[in-house]
Amino acid sequence: KLGNKGNSKTEYDERQMVGRRKGYTAGFVAMSISLGVLAVLSIGEIEIPVHPSVLYFGAIFVGVVAAVSVFIFTDSYWGLNNSKTRYAVIFIIVGLVNVAVPIINLVDGRLFVDGKLGMSGCNLLVGVMFIIIAVELIVKKIIDGKGGDEE
């Protein structure tokens, strides 16, 4: 029930369902293009100084950011029964943790392994993803001219 007001399932109206469908389509297309680019780089034997897992997670994150961006700007990110404040707290905590891990690894000399960005690069990607989402939410709030967290 976390983030919902007495409902265990998030509810969306018809307009939001259309926006979510567009978002999932955009996410799929963005992820497919990202994976295509990675395939072309691999075929061309072009090496990027990043652990391969980070590259593939990066492609997934590109898809997630594309989907979430469409959700936000079509007003279909939040369900009708979601608490924006609860989710904001969770986002802040997850974002901070995922930014802290690569910083700690950088200080410890473990961010780069054998000259490549190591697995903690995934945490860096998640942190960047949450920053992008936060900025988009702020921009959307400014565009809408709303002052409160709840509708």
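Colleague: Great. What are we looking at, and how many helices and strands are there?
Modeller: This is a predicted model. The protein chain has four helices and two strands, and from the N terminus on they run α-α-α-β-β-α.

Colleague: And what box do the C-alpha atoms fill?
Modeller: Roughly 50 × 35 × 30 Å, taken along the principal axes. Of the 151 residues in the chain, 32% are buried.

Colleague: Which residues make the nonpolar surface patch?
Modeller: Phe73, Ile131, Val135, Val139 and Ile143 make it, and the patch covers about 440 Å². Helix 4, residues 121-144, gives the most to it, with four residues.

Colleague: Take Val135, then. Is it buried, partly exposed or exposed?
Modeller: Val135, which is found in helix 4, is partly exposed, because its relative accessible area is 46% and that class runs between 20% and 50%.

Colleague: Switching topic: where does Ser120 lie?
Modeller: Ser120 is in the loop between strand 2 (116-117) and helix 4. Its relative accessibility is 8%, so Ser120 counts as buried.

Colleague: What does its side chain make a polar contact with?
Modeller: The Ser120 side chain pairs with the side chain of Asn105, at 3.2 Å. Leaving aside neighbours within four places in sequence, Ser120 is in contact with Val101, Pro102, Asn105, Arg110 and Leu111.

How values were computed: Residues numbered from 1 in each chain as written. Predicted model: local features only at pLDDT ≥ 70, side-chain atom pairs only at ≥ 80, totals over all residues. Heavy atoms only, no water. Patch = residues over 30% accessible without salt bridge, like charges linked within 9 Å, V, L, I, M, F, W, Y side chains within 5 Å. Areas by Shrake-Rupley, 256 points an atom, 1.4 Å probe, with all protein chains shown as cover. Salt bridge = Lys/Arg side-chain N within 4 Å of Asp/Glu carboxyl O. Buried < 20%, exposed > 50% of the residue type's maximum accessible area, 1.4 Å probe, protein only. Polar contact = N/O pair within 3.5 Å; in protein donor to acceptor, adjacent residues only side chain to side chain. Contact = heavy atoms within 4.5 Å.
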